[in-house]
Each structure stands twice: as structure tokens, then as C-alpha cells.
Amino acid sequence: MCRNLVLAATALAAGFIATIGAAAPAQAAVQAMTPAVATAPSPAPPSPKKKASAQERADAERLPPMARAAFWAREVNVDPTDVVANVRLASALRGLGQYGGAAESAQRALVIDPKNYDALLETARAYIGEGQGFYAIDPVKRAAAMAPKDWRPLSLLGVAYSQVKRDDDAQAVWRQALTLSPENPAVLSNMAMALATKGDATGAEALLRRATAQPGATLQERQNLTLVLGIEGKLPEAEKLLREDLPPDQAEANLAYLRRLAPSQAALAPAPAASADPHSYASLKGAGG
């Protein structure tokens, strides 16, 4: 259900530094045994890489997911202490389903700036994406305390509570989120999917119809509705929504999954392992803004 991640470049850079450092004493010993001779001047070292401009960074947020992740990985490689780059890399990796890498990047930002609001939210989103809601509770509570009028941390906290079976607490914080942002489609969707996992597909459908009727509704809310409609056996309407929202191959894959669901099923079946696209059912981990 999140609105909907290891920096190999940084690790490689660290490895090269270690190798160069280990080689220096051996090079000094060779020079001590070699007679001095006239040599050509050494070429100047390459100029250090520079951060992208503000405009380039803004443009990067409109790139496809893989390219966006690669851009922010480069930015972090240039400056590992760049909090904004670490947070945006976390977001990009989370969008690719790489939740472990997203958590690492977001936590790296928190080491640099422990009170960074966006880093706290991204940490929580990454853990929720992994299904590790317990570890999302602390950072998202800290975020909620920092911004008591923002619905997003409350929406995420509800998902985290739901994952650890604290259902009453989840519903309470979602109701609180709705007082801050009435009829918010992401919050309604989270509440709906919590009901669906407990076998109340009818209640979930009602909430999702409210969610998808809102001006701010996204593809994610509509796809959650198609999933619940499939659980209820309402395949014609589910198929209509799928074909409106997804490319033909993705629509066919999700429709095949819905056809395997028994109408009487009381809880959500696990999504097919092959479904890794950000717009597929495998990605519906919890929406938090």
C-alpha cells in the first residue's frame, strides 16, 4: 500500500582508497633503491567530480526509476555527506523495490542529520516496504512529533502498527490522520487494505471507492481497488480498471493473478513472485505520502 533501493559506487571508492594506501610504502622502498634520474613531469591529477547543479537535480526527479537511482547514486558518490542526495537515493531505490538499500541510504542521512524529517520518513517507508513495520515505528514517531499537523507520518505509523498486528492503534492513528487531511485517498487506502487483510473485502471496497473518488487519488489507490474487486470476484470491473491504468502486458499479468483468487477468499493471497514492477500488486506495501 507505500507511495509509492546499496551504494555500490561508494563501496568501490572505499576499496580503491584502501588499495592505494597499502601500495604506498612499497613504492617508497622501490624509489629508495633506484638512482635518481630525470623524468617527465607527472600528469596533473584529474579534477574532482562536482555535484550536479540545482537544475540538473530538479530534472533528475523526472527521470525513469533506474536512471533516477543512478543519478542520485553518483551524487552520493561525489559527496557521501550530502543529506538530500542520500534521501533522494533512498526514495529512488524504494521505488525500484530495493527496500534494504533504501533503508541504508536513509539511515546514512540520519547519521549526518539525526533530525532530518525527510530522512525519518524515508527510513520508515523503507522498513514498511520490507514488511518490517516494527523498525519503522520509532523513526516515524519522531517525525510525527516534529510535524504534528502533517498527516503523512500518521499514515505511515498506521501501516507500521498494522504490520505488527496492533490493529486498534493503526485505526486510531489513521482516524487522526483523517482529521488533519479529510478524505485523504492514501489514508483511506491504507485503512481499506488493513480491512482486506482481515477478510472484510466489502468494507475495504467501500473505503477504496471513497479514496479513488478524491481529486488527489493516484494509480496506487485504483490498483488497490482492482485487487479488492478481484477478491470479491468482480472481475469485469477489475479488468476495466486494469486496462485503463496499465500497459497490456502488466494488465494481463495482474488479471491472471486476480482470476486465481477464489471469490470466497478471506484474506489477501501473496502476490506472484515474478511481479516486480512498481505498478504491480507486489508493490502495494502501504501508502504514506
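# Notebook: a chain of helices

I started with Glu205 and Arg209, which sit 4 residues apart in helix 11 (residues 201–212) and are therefore separated by about one helical turn. Helices here are DSSP runs of H or I with at least four residues, strands are runs of E with at least two, and both are numbered from the N terminus. I kept in mind that this is a predicted model, where local features need pLDDT of at least 70 and side-chain atom pairs count only at pLDDT 80 or more, while totals for chains, interfaces and linings use all residues. I also noted that residues are numbered from 1 along each chain as its sequence is written, and that side-chain values use heavy atoms, with hydrogens and water left out.

**Entry 1: that first pair**

I found a salt bridge between Glu205 and Arg209, with the closest N and O atoms 2.8 Å apart. The term asks for a side-chain nitrogen of Lys or Arg within 4 Å of a carboxyl oxygen of Asp or Glu. Glu205 counts as buried at 9% relative accessibility, whereas Arg209 counts as partly exposed at 33%. My cut-offs: buried is under 20% relative accessible area, exposed is over 50%, and partly exposed is in between (1.4 Å probe, protein chains only).

How many salt bridges does the count come to? I got 22. One of them joins Glu239 to Arg243 at 2.9 Å, N to O. Both residues lie in helix 13 (residues 235–245), 4 residues apart, about one turn of the helix. Glu239 is partly exposed at 25%, and Arg243 is partly exposed at 39%.

I then looked at Asp79 and Lys51, whose closest N and O atoms are 3.0 Å apart in a salt bridge. Asp79 is in the loop between helix 3 (65–78) and helix 4 (83–95), and Lys51 is in the loop between helix 1 (8–33) and helix 2 (54–60), so the pair ties together parts that are 28 residues apart in sequence. Asp79 counts as buried at 18%, while Lys51 is partly exposed at 42%.

**Entry 2: helix 9**

I checked the length of helix 9 (residues 167–180). At 1.5 Å a residue, its 14 residues should span 20 Å, and the end C-alpha atoms are 20 Å apart, which agrees. The expected span is 1.5 Å times one less than the number of residues.

Which residues of helix 9 are buried? They are Ala170, Val173, Trp174, Ala177 and Leu178. Seen down the axis, the buried residues fall within an arc of 150 degrees, so they line one face of helix 9. That arc is taken from the directions from the helix axis to the C-beta atoms. The face turned away from the buried side carries the exposed residues Asp168 and Thr179. Among what covers the buried residues of helix 9 are helix 8 (151–163) and helix 10 (185–197).

**Entry 3: the core and a buried Glu**

The largest nonpolar core has 70 residues, and Trp174, Val187 and Val228 touch the most other members. Such a core is a set of buried Ala, Val, Leu, Ile, Met, Phe, Trp, Tyr and Cys residues joined through side-chain atoms within 4.5 Å. Leaving aside neighbours within four places in sequence, Val228 has contacts (heavy atoms within 4.5 Å) that include Met193, Leu208 and Glu205.

Glu122 lies in helix 6 (residues 117–129) and is buried at 5%.

**Entry 4: the whole chain**

I counted 14 helices and 0 strands. Of the 289 residues, 42% count as buried.
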